[in-house]
Amino acid sequence: MSSIDFLFQGIIKAFELIFSLNPYIISITGVSIRVSGTATILATLTAIPLACGITFLNFKGKQALITLINTGMGLPSVFVGLFIFLMIVPAGPFGFLKMYYTQEAMILAQYILITPVICGISLAAIKAVPQPVIDTVYTLGGSRKDIVITMLREARFGLFTSVLAGLGRALAEVGAILIVGGNIAYTGSVGGIGEGLSYTRSLTTAITLETSKGEVSTSIALGIILISLVLSINILANFFQRME
Amino acid sequence: MHSELIRVQDLGKSFGKRVVLKKINISINEGEIFALMGPSGVGKTTLFRILNLLEKPSEGRLFFRGSELTGGTICENINARRSMSMLFQTPCLLNTTVFNNVAFGLMIRKVDKNTIREKVMNALIIVGLEGNEEQKARTLSGGEAQRMAFARAIVYDPDILLLDEPTSSLDPANVAMIEEIIKRIRHERGTTIVIATHNIYQVKRIADRGGILLNGELIEVNSIERIFEAPEDARTKAFINGEMIY
């Protein structure tokens, strides 16, 4: 059997797994959405106020903070994973939290990875609001608070895009969550495939595992779901950009 | 006898070593249309930005209704700013509907919704944009956008309206419309209007008094009749006659 036939049969089986709502696939997808979704919400709650603070306040070290954020946008995920792992293992400074190999540790890793992404894009979106908008708000009798609100409103599509970019990065991330989450599933087979329902196994980490095991159809099924999720996010981001 | 609304005393402005305005002295009375004339780049916009408190002067004093604004607190300045309105040469459109753009000044003043609707619709009728309230502001044509910005500037009945070359990029039909609106606003509401322009024919059509600004210096302030018929300064005469004096 050629590799193309192999791939073709894998795709057919993948669709069977998806449409039969295989519990193993569903649980992995659930973990991915839960972990990445929570990390994105927390990162948004940190990054957008931080971007506002940087834009509207003058403080010492502002430029250094911007440099730090820009550097953070390209942070290697395995380095973040390793750093968090060393912090949360039983012998580490935060070992007492017992976070290693948990979804909370995965959320923390993704939070650290995507906060600079959301903050950096938000910063650019707010800064892109033209100076005449600020002048106009002032000339119409606006206060500093009115200017902040108006600028955020004017930058709203850019802010949505930043959140979606963060979510996209979180969903596609593999290195950090593999290290801190451990890629764990409960023991016991589900529906004849896998090792049981996922505990810290996400779409990306499961793909690496299933491929190494030779379970290509399961990998393709997971890949299709992952691509669909990321594609949906990009379609949404494009929609916001077109609205702008 | 009109009472004095704005007084500028020995006002100067520099950006680094570049002196933009020198010892400007000017008094603007309530209810008049005052035209600030001069070629491009002589400091008209800078003076307008100082009058609207968008810029601080480098020297001199600025009074509004007898109260000094130079060095005033932010709160005092907000109260004064809320009595003014300014229209820029290129209108800035907020990324929302025409209605929300025009209503902006009322919304930040926490005016109730019914009054906002009534005032916005009235302002849109004045500028001939009734029926466009739900249209996205950024889809308006240049002339319509300037008229919308005009509606936004007058909707909260400011005491003084600062118009910075409001018709310089418009076609004759829109210029005529804006001039009619200016005269109507002054006539119906008694709004004081200060207009910056290099169009001397426009000044003749709408203004009561005027001043000529050349190279950051206010060379003459007089009634429009005097400026056009018997100018006191030779440079004013040259400017009116369209001679190259700059």
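This is a predicted model: local features need pLDDT of at least 70, side-chain atom pairs count only at pLDDT 80 or more; totals for chains, interfaces and linings use all residues.
**Entry: the A/B interface**

I then went through the rest of the contact between the two chains. The rule finds three salt bridges across the interface of chain B and chain A. For polar contacts, I get nine residue pairs across that interface, both residues at pLDDT 80 or more.

Which elements of chain B supply the side that touches chain A? I find α2 (74–81), β6 (84–87), α3 and α5, each with at least two residues. The top contributor is β6(B), which gives three residues. Sorted by class, that side of chain B comes out as 12 nonpolar, four polar and six charged residues.

Counting contacts, I have 22 residues of chain B against 17 residues of chain A. I wanted an area too, because the size of an interface is often given as the accessible area lost when the parts come together. Here chain B and chain A bury about 1,700 Å² between them, and 54% of that is on carbon and sulfur atoms. Which residues of chain B lose the most area to chain A? They are R81(B), N95(B) and F104(B), and together they make up 32% of what the B side buries.

**Entry: α3 and α5 in chain B**

The axes of α3(B) (residues 98–107) and α5(B) (residues 142–154) come within 6 Å and cross at roughly 35 degrees. The crossing is right-handed. On the α3(B) side I see V98(B), N101(B) and V102(B), which meet M148(B), A151(B) and R152(B) of α5(B). By class, this contact has four nonpolar, one polar and one charged residues.

**Entry: salt bridges overall**

How many salt bridges does the structure hold over all chains? I get 20. One I looked at inside chain B is D157(B) with R189(B), at 2.6 Å, N to O. D157(B) sits in the loop between α5 and β7 (160–164) and R189(B) in helix α6 (residues 172–189), so this pair ties together parts of chain B that are 32 residues apart in sequence.

**Entry: chain A**

I turned to chain A and its element list. Chain A has 11 helices and zero strands, and from the N terminus on its elements read α-α-α-α-α-α-α-α-α-α-α. The C-alpha trace of chain A spans about 70 × 45 × 25 Å along its principal axes.

Where do α1(A) and α11(A) stand relative to each other? The axes of α1(A) (residues 3–19) and α11(A) (residues 216–243) come within 7 Å and cross at roughly 65 degrees. This crossing is right-handed. From α1(A), the residues in contact include F6(A), L7(A), I11(A), F15(A) and I18(A), while α11(A) brings V216(A), I220(A), A221(A), I224(A) and I225(A), among others. The class count for the α1(A)–α11(A) contact is 12 nonpolar, three polar and one charged residues; K13(A) is among the α1(A) residues there.

Notes:
Residues are numbered from 1 along each chain as its sequence is written. Chains are lettered from A and ligands numbered from 1 in the order in which they are written. Side-chain values use heavy atoms; hydrogens and water are left out. Axes are lines fitted to C-alpha atoms, for helices over the stretch in contact, and angles run from 0 to 180 degrees between N-to-C directions. Helices (H or I, at least four residues) and strands (E, at least two) are DSSP runs, numbered from the N terminus. A crossing is left-handed if the near helix is turned anticlockwise from the far one by less than a right angle, and right-handed if clockwise. Contact means heavy atoms within 4.5 Å. Ala, Val, Leu, Ile, Met, Phe, Trp, Tyr, Cys and Pro count as nonpolar, Asp, Glu, Lys and Arg as charged, and the others, Gly among them, as polar. Buried area is the accessible area (1.4 Å probe) that two parts lose on being put together, summed over both. A salt bridge is a side-chain nitrogen of Lys or Arg within 4 Å of a carboxyl oxygen of Asp or Glu. A polar contact is a pair of N or O atoms within 3.5 Å; within protein, one must be able to donate a hydrogen and the other to accept it, and residues adjacent in sequence count only if both atoms are side-chain atoms.
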